[in-house]
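Student: I'm new to this one. Could you show it to me and walk me through its charged pairs?

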Amino acid sequence: MATSHIVAPGSQQGDKSSPSKPADNEDAASGPIFTEEGEDDEVLHSGEHVAGAAERRLRLKVDLRLCTIAGILCSLNLLDSGVISSASVTSMPSDLDLTGNRFSVSIFIFTISSIAFQLPSTLAVRTFSPRLWFSTITFCFGLITMCTAFIQTWQQMIALRVLLGIAMSGIYPGLTYLISTWYPRREQQTRFAFLQTGEVVILATGGIVNFGLNQLNGKGGIAGWRYMFLVQGLISMVIGLVTYFWIVDFPEEAHRSFWFLTPEEQELAVARINADRKDVEPDPFSWGKVFVHARDPKVYGFACMFFLLNLVSTALSYFLPIILQTGMGFDENQSILLSAPPYYYAVIPVLLSSVIGDRFRLRGPVIVFNCVTLIVGFCMLGFSEQVAVRYVGTYLATGAYVSNWAALSAYQANNIAGQWKRAFTAAAVTAMNGAGGIAGSFIVRSMEAPHYLTAVWVSIGSHLLIIAVVVVFSVHFFLANSLAAKGKIILEGVEGFRYTY
């Protein structure tokens with residue numbers, strides 16, 4: 001009896017499970033290709049070429065429709081930090097009586113409200129569809145940002161920051177969840193890098209825009225910082241309207257998206273994910289199926305790493321202009337302008353490290369390298385007396401933490417399976433990411449200028465701990481994969497699943 005050779009598009013040995021069901025023989029683009037033994041090699045190679053071309057075309061379509069808008073939407077969180085940090089070196093603190101630790105409280109309260117609503121907002125992406133949910137919360141985010149331009153007291157600012165945190169709560173975890181459902185694990189870190197690239201480019205450009213808007217200070221009797229909130233709030237509202245037509249639905253519901261995939265391409269998208277981990281279709285929803293994943297220790301390990309990472313990202317993204325002004329001696333406008341270039345630079349390491357990570361199926365080593373780079377950057381920032389050296393340190397630190405956002409997102413998404421587990425984990429790690437933001441908002445202490453040693457030592461220590469967690473995970477994943485290869489255990493409840501480390 002003749003045997004059959006199976007070639008699954010994009011499959012990789014030792015990292016994938018087999019498709020849940022064979023695809024139609026006649027459609028090379030929608031699933032495995034079956035050829036009888038002895039069949040002409042040219043026919044087989046032709047089928048592989050057609051399947052590969054179909055996959056490349058599909059990836060390009062999804063990249064253009066999903067990763068682009070995801071980068072823009074995720075940038076809103078950083079854009080908010082850019083606006084409020086730029087405004088912090090203008091007349092805003094005196095206009096709103098932001099004395100003492102009130103500015104830190106405004107950051108803290110935003111994060112608290114965001115954490116509280118992250119899980120329900122992430123689940124709402126699946127319940128109401130990505131198009132409706134993301135467009136709604138983005139429009140609300142813009143409206144609240146615009147309203148900030150008209151506040152008169154710090155109490156009003158605190159109230160709006162609570163509402164802003166609620167609106168923002170589902171954007172990052174929801175988009176992380178959505179992206180992870182569209183791509184096999186071997187392609188995810190590069191896509192998270194695309195997301196981070198969009199974020200940091202828009203944040204950097206927003207810093208330059210804030211500089212320009214601050215030049216309008218006093219025009220029409222309006223302070224420059226109010227123009228920042230007004231303009232960027234209006235832009236966000238427009239983005240919210242565009243999102244409804246631009247963003248895509250989940251793979252199995254891609255036909256609901258506007259002007260997107262053909263039926264054959266949708267079948268291929270579903271087949272790719274089922275070949276990778278068999279979790280395209282979600283089980284019927286119940287809270288029990290969501291919270292059962294709280295028993296998995298891996299979730300807490302991933303969450304702790306995001307907490308430790310955001311200690312640094314919050315300190316830099318919210319306080320960099322202040323560090324430049326009070327720590328390095330630049331004036332108000334110089335501080336706003338000089339806070340932008342480190343984010344443009346971050347595009348290089350985040351894309352480079354992510355392409356390498358996906359190409360060689362590496363996760364842990366990339367994270368460790370980024371951690372070491374950040375430690376070097378903070379040593380330059382905290383212990384050098386030369387302003388040029390300290391400023392270069394901000395480049396290294398910014399590039400490293402942005403790169404690790406992509407790396408850690410891929411690390412957690414690669415090592416779990418199941419729709420509700422993805423949603424729960426995305427919300428859990430983002431909540432702890434927010435908790436890190438709370439802590440990070442208090443580690444930059446104005447009385448420690450110009451070197452801010454508390455922030456420096458906390459940032460160094462946090463990344464040494466990330467390295468330790470990665471080492472523990474790597475040992476665990478290696479041992480678990482070895483047992484699974486011997487048939488002694490089944491990982492993540494999916495036959496053939498292997499951890500990526």
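Tutor: Let's go through some salt bridges in this predicted model.

Student: Why is the pair Arg 191 and Asp 63 called a salt bridge?

Tutor: The closest N and O atoms of Arg 191 and Asp 63 are 3.0 Å apart. The cut-off is within 4 Å, so the pair counts. By this rule, the model has 21 salt bridges.

Student: What makes Arg 191 and Asp 63 a link between distant parts of the chain?

Tutor: Arg 191 sits in helix α7 (residues 188–214) and Asp 63 in helix α1 (residues 41–87), 128 residues apart. Both residues, Arg 191 and Asp 63, are buried.

Student: How do you know that Glu 187 and Arg 272 form a salt bridge?

Tutor: Their closest N and O atoms are 2.8 Å apart, and the rule asks for within 4 Å, so they pass. Glu 187 lies in the loop between α6 (171–182) and α7, while Arg 272 lies in helix α9 (residues 263–276), so this pair ties together parts 85 residues apart in sequence. Glu 187 and Arg 272 are buried too.

Student: And Arg 256 with Glu 253, why does that pair count as a salt bridge?

Tutor: Their N to O distance is 3.9 Å. That is still within 4 Å, so the name applies.

Student: Why is Arg 256 called partly exposed?

Tutor: Its relative accessible area is 47%. Buried means under 20% and exposed means over 50%, so a value in between is partly exposed. Glu 253, with 22%, is partly exposed as well.

Technical notes
Residues are numbered from 1 along each chain as its sequence is written. This is a predicted model: local features need pLDDT of at least 70, side-chain atom pairs count only at pLDDT 80 or more; totals for chains, interfaces and linings use all residues. Side-chain values use heavy atoms; hydrogens and water are left out. A salt bridge is a side-chain nitrogen of Lys or Arg within 4 Å of a carboxyl oxygen of Asp or Glu. Helices (H or I, at least four residues) and strands (E, at least two) are DSSP runs, numbered from the N terminus. Buried means under 20% relative accessible area, exposed over 50%, partly exposed in between (1.4 Å probe, protein chains only).
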